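Trainee: I would like to learn how to read strands, turns and pockets in a protein model, going slowly and one feature at a time. Could we work through an example together?

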Amino acid sequence: MTGGAGQAPQTEGVRKVGEKDTGVWQEGGLGRIRALLEDDPRLVEHVVSETKVWDGRIFGVRKLEVELPDGSHGVRELVLHHGGAGVAAVRDGRICLVRQYRVAMGRMSLEIPAGKLEVGEDPERCAARELREETGLVAGRLEFVGRAAGSIGFTNETTSIYLAHCLRQGEASPDEDEFVDVVWLPVRDVLEAVRAGLIQDGKTIIGALAAVERGLA
């Protein structure tokens with residue numbers, strides 16, 4: 001029941017989704033976020049069965065039967081992927097981007113250098129390798145920024161993102177089936193292109209924002 005005119009609605013007995021009796025909900029910072037990310041029996045889905053649909057060179061597809069929190073069953077289609085790593089290399093307020101054609105999107109794309117992980121490969125090592133192969137740049141140090149899940153609803157793929165420091169120029173050696181141009185653009189222009197919908201790649205957006213946060217642009 002709500003209060004009368006000029007009165008705030010009554011909230012006694014009302015709990016926000018994810019609120020815990022321990023009062024952790026009231027904590028600030030990472031403590032609150034960690035609490036919200038703990039498994040909640042009211043929301044967790046349990047895998048009942050898994051069927052292999054297809055395995056390819058880069059990813060696999062699985063069909064899962066899951067038990068939903070209310071006891072009913074549902075189907076989830078899952079893409080399995082080893083993940084990848086990307087690097088934002090910034091110099092004098094400009095970020096190094098790779099210009100290439102993306103068949104999946106049907107258009108040209110501007111992205112930070114990135115690539116997929118080999119099985120068991122360390123993401124930082126992958127990031128350094130892709131930066132060198134695609135652009136010829138060698139980083140004296142890589143700073144971890146975060147890990148992004150691009151399509152968390154149907155794939156376990158994540159991309160580890162780094163900022164490159166102490167850059168020096170070497171020689172690029174892209175893969176045989178990789179045709180790319182390397183361009184340097186002002187970070188502020190890249191973020192303006194994001195707002196205009198011209199750049200939509202998630203790892204590139206995160207890398208550019210991280211550069212601004214660190215005062216590199």
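Trainee: How many bridges join β5 to strand β6, and in which sense do the two run?

Mentor: Please keep in mind that this is a predicted model. Strand β6 covers residues 107-111, and five bridges join β5 to this strand, the two running antiparallel.

Trainee: Which other strands pair with β5, and over how many bridges?

Mentor: Strand β10, residues 181-186, pairs with β5 in the antiparallel sense over six bridges, and within this pairing Cys96 stands opposite Trp184 in β10. Strand β4, residues 84-91, also pairs with β5, residues 94-102, in the antiparallel sense, here over two bridges. In that case Arg91 has Arg94 of β5 as its bridge partner.

Trainee: What lies between β4 and β5, and is Asp92 there buried or exposed?

Mentor: β4 and β5 form a hairpin with two residues between them, and Asp92 lies in the loop that connects these strands. The phi of Asp92 is near 55°, which is a positive value in a residue other than glycine. Asp92 counts as exposed because its relative accessibility is 76%, and the cut-off for exposed is over 50%.

Trainee: How should I read an open sheet, and which strands are at its edges?

Mentor: Follow the order of the strands, which here is β1-β2-β3, three strands forming an open sheet with antiparallel pairing. The edge strands are β1 (46-55) and β3 (73-81), each of which pairs on one side only. Neighbouring strands of this sheet are turned by 25° against each other on average, with direction ignored. Strand β2, residues 59-67, pairs with β3 over nine bridges, and in β3 the bridge partner of Arg62 is Leu78.

Trainee: How much space lies in the largest pocket, and which residues are closest to its centre?

Mentor: The general idea is that rolling a probe the size of a water molecule over the atoms shows where empty space is left. In this model the largest pocket holds about 1,700 Å³ of space. It is lined by 46 residues, of which His81, Arg102, Glu111, Glu157 and Lys203 are the closest to its centre. Among the elements that give two or more residues to the lining are β3, β4, β5 and β6, as well as α2 (123-135) and α4 (202-213).

Trainee: What classes of residue make up that lining?

Mentor: By class, the lining of the largest pocket has 18 nonpolar, twelve polar and 16 charged residues.

Methods. Residues numbered from 1 in each chain as written. Predicted model: local features only at pLDDT ≥ 70, side-chain atom pairs only at ≥ 80, totals over all residues. Heavy atoms only, no water. Pairing = 2+ DSSP bridges. Helix = DSSP H or I, 4+ residues; strand = E, 2+ residues; numbered from the N terminus. Axes fitted to C-alpha atoms, helices over the stretch in contact; angles between N-to-C directions. 1 Å grid on protein atoms, 1.4 Å probe; cavity = no way out; pocket = protein on both sides within 12 Å on 5 of 7 lines; lining within 4 Å. Points joined across faces, edges and corners; volume = space filled by probe spheres on them. Nonpolar A, V, L, I, M, F, W, Y, C, P; charged D, E, K, R; others polar. Buried < 20%, exposed > 50% of the residue type's maximum accessible area, 1.4 Å probe, protein only.
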